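The sequence and the structure come first.

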Amino acid sequence: MMEKRIGVKMMENLIRNLYAVDVIIGCSEEEITFIKKMFGALPHVLENFYRTMAKTEALHHMQDFWMLPEHFTKYTWLNDPECLIILNENQGVCQAGIRREDLSQLDPPVYVKTDDNEWMLSAPSTSEFLMAMLAYEASFSMEFMPEEFYWITEEEFTTIHAKLDKLPYEVHNWLYDMKISLYANAPDNIVAVMDAGGDFQVLYGANSEESYTKLMAVMEGIGEAI
């Protein structure tokens, strides 16, 4: 199971490296009890995420919005009869969540709902979704990164795939049909490739000059500024 391969320590290390933080903060037991009571159950992986790291300040200044137990006391739209929402796109175009009937599983799949209320599979497990989206969100605000976002060709994507290490988690159907694949060649750098039906965009950066230089040995000259 993915839970055995992606645990709390792995997520904490990702956050420390890609968000450049030393202090990891989780939700209170009262907050976790509230959300469990509200939905009747909480997947083990999501409960661990809430308890150990979900309130780390750096996670909440990125592109999209992680939904915390406290938000369920403020926003009535989160009381969805179909699922527990865990991530909201920055303009509300889509949300990711776990279906209510899956909440008793240890590490259930995550689905994305778009404006037309269609639910599509995004990741086969909660742990894979969390790892992938934590890495993706970090790519918007690294200490060292280019000033532009880039379009890349399929050939350039092939170069990235060949010369960098592909991380073992990805998401599908974000923003309707976008697949997000993640690459790196150091613990504190990241490349996020967004494939929207064959149209490729890329974001990348690092949290140290050394790591950024190592990344640019591959990324230099790749892409056309958007």
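## Aromatic pairs

Searching the whole structure turns up nine aromatic pairs. The model is a predicted one. In one of the pairs, the ring centres of Phe-39 and Phe-72 are 5.6 Å apart and the ring planes stand at 90°, so this pair is edge-to-face. The pair ties together distant parts of the chain, 33 residues apart: Phe-39 belongs to helix H3 (residues 29–39), while Phe-72 sits in the loop between strand E1 (65–66) and strand E2 (83–88). Phe-39 and Phe-72 are both buried.

Phe-49 and Tyr-50 make another pair, with ring centres 6.3 Å apart and planes at 40°; the angle lies between the limits of 30 and 60 degrees, so the pair counts as tilted. Phe-49 and Tyr-50 are both buried. Ring pairs also join Phe-49 and Tyr-50 with Trp-66 in a cluster.

## Helix H2 and its partners

Helix H2 covers residues 8–19, 12 residues in total, and spans 16 Å from its first C-alpha to its last, close to the 16 Å expected at 1.5 Å a residue. Its buried residues are Met-11, Glu-12, Leu-14, Ile-15, Leu-18 and Tyr-19. Viewed down the axis of H2, these buried residues lie within an arc of 160°, so they line one face of the helix. Their cover includes helix H4 (44–52), helix H5 (126–138) and strand E10 (189–196). Just after H2, Ala-20 has a positive phi of about 55°.

Two packed helices are described by the angle between their axes and the distance between the axes. The table gives these values for two helix pairs.

| Helices | Angle between axes | Distance between axes |
|---|---|---|
| H2 and H5 | roughly 5° | within 10 Å |
| H4 and H5 | about 40° | 8 Å |

The axes of H2 and H5 cross at roughly 5°. This makes H2 roughly parallel to H5. On the H2 side, Met-10, Met-11, Leu-14, Ile-15, Leu-18 and Tyr-19 meet residues of H5, among them Leu-130, Met-131, Leu-134 and Ala-135.

H4 and H5 pack at about 40°, and the two helices are therefore oblique to each other. Val-45, Leu-46 and Phe-49 of H4 make this contact with Thr-126, Ser-127, Leu-130 and Leu-134 of H5.

## Helix H6

In helix H6 (residues 154–163), the buried residues are Glu-156, Phe-157 and Ile-160. Seen down the axis of H6, they fall within an arc of 105°, so they line one face of the helix. The face turned away from this buried side carries the exposed residues Glu-154, Glu-155 and Ala-162. Covering the buried residues of H6 are elements that include strand E6 (150–152), strand E9 (178–184), E10, strand E11 (199–206) and helix H7 (209–219). E10 is also among the elements that cover the buried residues of H2.

## Ile-85 in strand E2

Ile-85 lies in strand E2. Its relative accessibility is 1%, and because buried means under 20%, Ile-85 counts as buried. Leaving aside neighbours within four places in sequence, Ile-85 is in contact with Met-67, Phe-72, Trp-77, Leu-78, Gln-95, Ala-96, Gly-97 and Trp-119. Among these, Phe-72 is the residue whose ring pairs with that of Phe-39. The C-alpha atom of Ile-85 is 9.5 Å from that of Val-110, which is 25 residues away along the chain.

Key:
Residues are numbered from 1 along each chain as its sequence is written. This is a predicted model: local features need pLDDT of at least 70, side-chain atom pairs count only at pLDDT 80 or more; totals for chains, interfaces and linings use all residues. Side-chain values use heavy atoms; hydrogens and water are left out. Helices (H or I, at least four residues) and strands (E, at least two) are DSSP runs, numbered from the N terminus. The expected span of a helix is 1.5 Å times one less than its number of residues. Buried means under 20% relative accessible area, exposed over 50%, partly exposed in between (1.4 Å probe, protein chains only). The arc is that of the directions from the helix axis to the C-beta atoms. Contact means heavy atoms within 4.5 Å. Rings of Phe, Tyr and Trp (its six-membered ring) pair if their centres lie within 6.5 Å; planes under 30 degrees apart count as stacked, over 60 as edge-to-face and the rest as tilted. Axes are lines fitted to C-alpha atoms, for helices over the stretch in contact, and angles run from 0 to 180 degrees between N-to-C directions. Angles under 35 degrees count as roughly parallel, over 145 as roughly antiparallel, 65 to 115 as roughly perpendicular and the rest as oblique.
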